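Dear colleague,

I am passing on a structure that you have not worked with before. Please look through it first; my notes on what was found follow.

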Amino acid sequence: MPDIDPRWAWERYRPNAEQPWNLQRAGHLLRRATFGPTWEQLQRAVNEGVDRTVDRLLAGEGDLRAFEAQTEPLARSIATANNGQQLPAWWLYRMLYSPHPLREKMTLCWHNHFATSNTKVQNARFMLGMYQTLYANALGRFDVMLQAISHDPAMMVWLDTFGSQRGQANENYARELMELFSLGIGNYTERDIREAARAFTGWELRGNEPFFNPAQHDDGEKTVLGQTGRFRSADIVRICLEQPACPRFIAGKLFRFLVSETITPTPELLAPLADDLRRNQFDIRRVVETILRSNLFHSPQAYRTRIKAPVDFVLTIVRGLEGRIGTLALATALESLGQNLFYPPSVKGWDGGPTWLNGQTLLFRQNLALALTSTTDNRFGRRTDPAQLLARHLPANPTDEQIVDFYLQLFLQADVPAASRQRLIEYLRQARQQRPPVYWTADDAANHRIRAVCHLVLTQPEFQLD
Amino acid sequence: MLTTNRRDFLKSSMVACGLTVPSFLSKTANALQVAGTPGARDTILVVVQLTGGNDGLNTVIPFTDEEYPRLRPTLRIARDQVRRLNDTLGLHPAMEGMAGLLQDNALCVVQGVGYPNPSQSHFRSMDIWQAASTADTLNEGWLGKALRSMNAPAFHIAAGNESAPLAYSGAPARVPSITSLDDFQLRTAGAGDADTRRQREIITGLAQPGGTGTPNPANLLDFVQRTAQNTYQSSQRLQEIGRNYTPRVPYPQTGLANRLRLVAQLINAELGARLFYVSIDGFDTHANQAASHGNLLGEVSGAITAFYRDLAARGHANRLLIMTFSEFGRRARENGSRGTDHGSGAPMFLVGGRVRAGVIGEHPSLTQLDAGNLRHHTDFRQVYAAILDQWLGVPSREVLGQAYEPVSILARR
C-alpha cells in the first residue's frame with residue numbers, strides 16, 4: 001500500500017460524487033463512534049449529513065444529567081456490596097442507553113489503555129472510581145488523566161504502587177507507565193524504570209484514599225529520561241509527558257481505535273495528530289474531532305478495517321433490534337466472547353484486531369447472535385425480537401426482498417455481494433414452501449422466517465468487521 | 001504407542017465405509033499410516049505457558065547456596081521444605097507431583113534458559129518466546145511455522161479471556177481455540193431438519209474464502225472467512241468424537257487440569273493432532289508472592305502430573321512430551337513488597353516417557369548477576385531445536401532461521 005498523504009488524510013472530508021455521503025458512510029461513522037445505530041439514527045445520519053452527525057456525536061444529545069442520576073444509585077450499591085460481578089453489567093447499561101455514546105466509547109478506549117482488572121484489585125468501589133476518572137477525561141486532557149491515574153487507588157493496587165518503600169522500590173507501575181501508558185517500548189531504558197520506581201515510593205492507601213508517606217519515600221536524586229532531580233511521582237509523569245514519544249504514542253492509540261487496525265500508520269501520518277496533542281495540552285476531543293471529520297476516516301482505506309470488538313458485536317445487535325434486555329446476561333455472554341469489562345486479561349488490555357476471533361469465540365459469536373434473534377433462549381427472552389422490529393418499520397406482509405434488504409441495510413448497510421443477498425432471499429422462498437410444525441400458526445411461521453434470516457444476516461463474515 | 005489392532009480397525013472401517021467415511025476418520029487413518037512408515041512419527045507436543053514471568057529461583061531452588069537466603073529474606077524456601085532433585089537443587093514444596101515424575105524418569109529440568117539482551121517487557125518477551133525470534137516485528141510463531149511441514153491438526157485449549165497464541169500464527173490453516181467441546185458447535189434454530197440444513201449451508205457457505213494459501217490478517221474479510229471455514233470444519237469433526245471421557249487417574253479441580261484433561265480427551269480420540277497449547281496466568285508476582293506462587297506451582301505440578309499419568313496409563317507415555325516455559329524469570333533479590341520484579345534467565349521443564357530424566361545445566365550464579373538478574377547459559381531456541389529436530393521431525397533451521405545446538409533433553413534409545 002502506498003503511503004497515505006498526511007495532508008490529505010486529516011483534511012475535512014467533503015462529500016462529492018466519488019466519495020458521496022451515503023448509508024455505508026453513515027454506518028461506518030456510527031459504528032466507530034457509538035455502539036451501533038438504530039434504524040432511525042441511521043436514516044437521520046444519512047439525511048442530516050456528515051457535519052451535523054459529527055456535531056451530535058461530539059456534543060451528545062438528550063439529558064445526560066438525568067441519565068447519570070439513573071445509573072448512580074446502582075453504582076453506589078455495587079460499591080457498597082463490593083459486587084464485582086455487576087460492574088460489567090452496569091457499564092453495558094450505560095453503553096446501551098447513554099445520551100453521549102461517543103464519550104462512553106472513548107472511556108472504553110482508555111479502559112483498554114490503562115487496562116486494570118478487578119481480578120486483582122478486588123474492590124468494586126476502586127474500579128468505579130477509576131471508571132469515573134476515565135469517563136471524566138475521556139474527551140478531555142490526557143495529561144490530566146495520566147496524572148490522576150498515577151494515584152488512582154485501583155491502579156495503585158493493580159500495579160503495586162501502594163506500599164512501595166524506599167530502598168526496595170517496586171518497579172511494576174514505573175515500567176507500565178512508560179511501556180504501555182505513555183511512551184511505548186524502545187523509548188526508555190531499564191535504568192529509567194528503576195530510577196522512576198524510586199520516585200513512586202512512599203505511596204499508601206489510607207481509608208480508601210491515596211496517601212503520601214514521606215518517611216517511606218526515596219527523596220534522593222534520580223535521573224530519568226535525561227533529567228535529574230529529587231523527583232516525586234508527579235515529576236516522573238510530567239517528564240514522560242514531555243517526551244516527543246508520548247503524543248506520538250497516544251495518537252497511535254487513537255488511530256488504531258478509531259481509524260484502522262490494519263493500516264500501520266507512518267510517523268508522518270501520525271505527526272499532525274501528535275503535534276495537535278502537544279500544542280493543545282493533550283486535548284483529546286480536538287484530535288477525535290479531527291479524525292471523525294477527516295478524509296482518511298471516511299475513505300475506503302479505513303472502511304471495515306477493524307474487527308468488531310465483542311462489546312461492539314453484541315451491542316450493535318441489541319441496539320439495532322431496539323431491545324431492552326438485562327445486561328447481566330449480556331455481560332456473561334461477553335465474557336465468553338473474550339471481553340469482560342473491568343476484567344481485561346492483562347495490563348496491555350485486549351489486543352483486538354484478528355486476536356478477537358479464534359475458533360471458539362467465532363462460534364460463541366454466531367451462537368449468541370442466534371440467542372438474541374431466535375426468542376427461544378431464556379437468557380434474553382423475546383425482548384430483542386427481529387419480527388417485532390420489522391413490524392414497526394415495514395408495512396404488513398413484507399416481501400422476501402423487503403425483509404432481507406431491511407436487515408442487510410440495518411446491520412451491513414446493504415454492503416454485501418449480490419450473491420449473498422440472493423442466497424438469503426432464496427432461503428426465505430424455500431422456507432415459505434416447507435411445512436411448519438403443526439402447532440404453528442401462519443404468523444408463527446412467518447415470524448420464524450424473519451428471525452432466522454436476521455440471524456443469517458448476522459452470521460455474514462462482513463458483520464464481524466467494523 | 002497405538003496398537004496394530006486399532007490401526008487395522010480404522011483402516012478396515014474405512015474400507016467398509018467406502019466414500020462415506022467421516023472426515024476425521026480418514027484423517028486419522030492417514031496419520032496412522034504415516035506413523036507406521038519408517039522415519040515418520042506420531043509424537044505429540046503439549047506446550048504449557050506460564051504467563052506473567054515465573055520466579056525460576058523459587059521454582060528450582062539452589063537450597064545449599066548461601067547467597068539464596070540473603071537474596072530472599074522473606075520469600076526463601078527453607079532447606080527442609082524443598083522437594084529434592086539432587087544434593088543442591090530442589091523443587092518448590094508445592095511441586096510434589098512433578099518431583100514424583102522424576103522418580104519415574106519422566107521429568108527433565110533445563111536450567112538457566114533465556115536469550116541475549118533479554119527484554120523485561122512481558123509482552124515483548126512473550127512474543128520473542130512464541131515467535132522464537134528477536135526481530136523487531138514478529139508475526140509468525142514457531143509452532144505455526146512447524147505446522148507447515150507437519151500436516152497434522154493442532155489445538156489451542158483456551159481459558160476464558162484468552163486469545164489464540166502468536167506461537168500458532170503462520171500455520172497453513174488457522175489453529176482452532178477451544179474452551180469446551182459442548183461450546184464448540186454451531187447452533188441453529190431450524191423449523192425441522194430441512195430448515196436446519198439450509199441454515200447451516202448458508203452460514204458455512206458464506207465462509208468460503210476466495211483465495212488460497214495462509215490467511216492474511218491485513219485483509220480482514222479474508223481472515224474472517226478462513227477462520228470461519230476452519231472453525232466449522234473442526235467443529236464438525238469434533239462433534240463426532242465421544243462426549244464422555246473417563247480419565248485413568250483423577251485430575252485436580254483446577255483450570256489448568258481441566259484444560260489438560262480436554263487435551264487428553266482429544267489425544268485419546270485419535271484425531272491425529274500433534275500440537276496442543278495451554279496457558280496458566282498469574283505469575284507476575286510483584287507483591288506478596290509467597291502464597292500465590294505456591295498455589296500456581298501446585299496447579300502446574302498437579303495438572304501436568306495427572307495429565308501425564310492419565311496418558312501413560314493409556315500407553316501414550318512414549319509419544320508424549322510436555323514443555324513448560326515463561327516469558328522471563330524474576331529479579332534475584334526480592335523487592336520491598338514481598339514480591340519480585342521482572343528478571344531474565346529461568347528453568348524449563350520437560351515431561352514425557354522419553355525425556356532424559358534429571359537436571360541439565362548449572363543453576364545460574366547467584367553472585368554474578370546482570371543488573372540483578374540471573375544470567376542464562378542456554379538459549380531457549382536450543383531447547384526448541386531439540387524438540388523440532390528430534391521429537392517432531394521438523395527441520396529446526398526452517399523454523400528458527402539458523403542452526404542452534406540442541407540441548408539433549410531426550411533419552412538415548
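Two residues are in contact if their C-beta atoms, placed from the backbone, lie within 7 Å. Where pLDDT is low, the predicted coordinates should not be read in detail. For the complex, the predictor gives an ipTM of 0.94 and a pTM of 0.89.

This is a predicted model, in which local features need pLDDT of at least 70, side-chain atom pairs count only at pLDDT 80 or more, and totals for chains, interfaces and linings use all residues. Residues are numbered from 1 along each chain as its sequence is written, while chains are lettered from A and ligands numbered from 1 in the order in which they are written.

Chain B contains 12 helices and 12 strands; these are DSSP runs numbered from the N terminus (helices H or I, at least four residues; strands E, at least two). Of its 413 residues, 52% count as buried. A residue is buried if 20 or more other C-beta atoms lie within 10 Å of its own, exposed if 12 or fewer, and partly exposed in between, with C-beta atoms placed from the backbone.

β1(B) pairs in the parallel sense with β9(B), residues 320–326, over 7 bridges; strands pair if DSSP finds at least two bridges between them. In that pairing V47(B) has M323(B) as its bridge partner. β1(B) also pairs with β8(B), residues 275–281, in the parallel sense over 7 bridges, and there L50(B) stands opposite I280(B).

Between the chains, 55 residues of chain A are in contact with 52 residues of chain B. Among the elements that give two or more residues to chain A's side are α12, α19 and α20 of chain A. α20(A) supplies the largest share of that side, 9 residues.

One residue of chain A was also looked at. A9(A) lies in helix α1 of chain A, residues 6–10, and counts as buried because it has 23 C-beta neighbours inside 10 Å. Not counting residues up to four places away in sequence, A9(A) touches I4(A), L269(A), S294(A), N295(A) and L296(A).

Regards
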